[in-house]
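Please keep the view open as you read.

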Amino acid sequence: MSGVMKRMGMIFRAKANKALDRAEDPRETLDYSYQKQLELLQKVRRGVADVATSRKRLELQLNQLQSQSSKLEDQGRKALALGREDLAREALSRRAALQQQVTDLETQHQTLQGEEEKLTLAAQRLQAKVDAFRTKKETIKATYTAAQAQTRIGEAFSGISEEMGDVGMAIQRAEDKTAQLQARAGAIDELLASGALDDQSGLAKDDIQSELDRLSGGTDVELELQRMKAELAGGSSSSQQAIEGGTGQSPSQQQPQDTPRFDKQ
Amino acid sequence: MIVRIMGEGQVRLDDSHLTELNKLDDELLAEMESGDEEGFHRTLGSLLGAVRRLGDPLPDASLEPSELILPSPDATLDEVREMLSDDGLIPG
């Protein structure tokens, strides 16, 4: 890989020993995330305010339409009282048109109200999350700072401080690498020995197997000897055991439970 | 492997996705070198989108070093070029 991702990563790593990078300092990152969350919260709140404003405007329009509608109704009633049926019809037909608008606006109003409730709930949830994040962030930052201070103290004690310069750091890195490789080699040896890893050469496993075969072979000989001794010494006692109801076990049967047996891995 | 999107956080990515991401990453580098600002933004958007889609975000509490690092979504071509210049990400 030679793209931007890799190159940025390499630069970060190369520089990380000289200075703690801002973007890679978890405390800075946490603060930045918190800032972003606050901005998001602000946006959601602004959204709630916008929706509430639109809702208010609709309510005002609705009130106006409704008062116009009742005015037209009164006018129609008066016109009818004066015997002007044509005027009354005109007023009522205008009122019907207004009523249609009122219905439309009421539907819009309901939708907006639903949106507002949803957004308010979202804002409350987000607020709770942001609060929780702030607490967690401060805890992590404190832990990180403490760990960093501890590392600095450790470095000062062992003489590996920044004042030692690049040479000292390079030596330290080389030593770390060596220790890591040694630890890895040791771990691989242990894993091979335990059988958790297969040795591709097949040599290590053969050695272990032959040792196991040798041990289990010896155990079998011992068992055989004990069984024969028991046969010779206690011909009568074996018949006694048979009379006692077969609950007793002969020494050769008991032995496998007491003596550890080696199973193939 | 762990990938950091600067200013956004870290995600854990399965190595099997690297081939797909590499293509976009190389494209991004080519656009950066040729100075194609528009293409750079488009590819960066696709790359960030793919990383977000294919990766699992690491919890905020996790403090793990990143193996790969990507510029923030709003980074300009000049900013990224500066980051990759000899001075690197940390001046001095």
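This is a predicted model: local features need pLDDT of at least 70, side-chain atom pairs count only at pLDDT 80 or more; totals for chains, interfaces and linings use all residues.

Strands here are DSSP runs of E with at least two residues, numbered from the N terminus. The strands involved, S2(B) and S3(B), run antiparallel to each other and share two bridges.

Now for the whole sheet. It is open, holds four strands in the order S3-S2-S1-S4 (chain B), and its pairing is mixed. S3(B) and S4(B) form the edges, each pairing on one side only. Helix H2(B) packs on this sheet and touches S1(B), S2(B), S3(B) and S4(B). The direction of H2(B) makes about 130° with that of S1(B).

| Element | Residues |
|---|---|
| Strand S1(B) | 2-5 |
| Strand S2(B) | 9-12 |
| Helix H1(B) | 18-34 |
| Helix H2(B) | 37-54 |
| Strand S3(B) | 56-57 |
| Strand S4(B) | 68-70 |

How do the two helices H1(B) and H2(B) cross, and at what angle? Their axes come within 9 Å and cross at roughly 160°. Angles over 145 degrees count as roughly antiparallel, so H1(B) and H2(B) are roughly antiparallel to each other. The crossing of H1(B) past H2(B) is left-handed. The residues of this contact comprise 10 nonpolar, three polar and six charged. On the H1(B) side they include Leu21(B), Leu24(B) and Leu28(B), while Phe40(B), Leu47(B) and Val51(B) are among those from H2(B).

Definitions and conventions: Residues are numbered from 1 along each chain as its sequence is written. Chains are lettered from A and ligands numbered from 1 in the order in which they are written. Side-chain values use heavy atoms; hydrogens and water are left out. Two strands pair if DSSP finds at least two bridges between them. Contact means heavy atoms within 4.5 Å. Axes are lines fitted to C-alpha atoms, for helices over the stretch in contact, and angles run from 0 to 180 degrees between N-to-C directions. Angles under 35 degrees count as roughly parallel, over 145 as roughly antiparallel, 65 to 115 as roughly perpendicular and the rest as oblique. A crossing is left-handed if the near helix is turned anticlockwise from the far one by less than a right angle, and right-handed if clockwise. Ala, Val, Leu, Ile, Met, Phe, Trp, Tyr, Cys and Pro count as nonpolar, Asp, Glu, Lys and Arg as charged, and the others, Gly among them, as polar.
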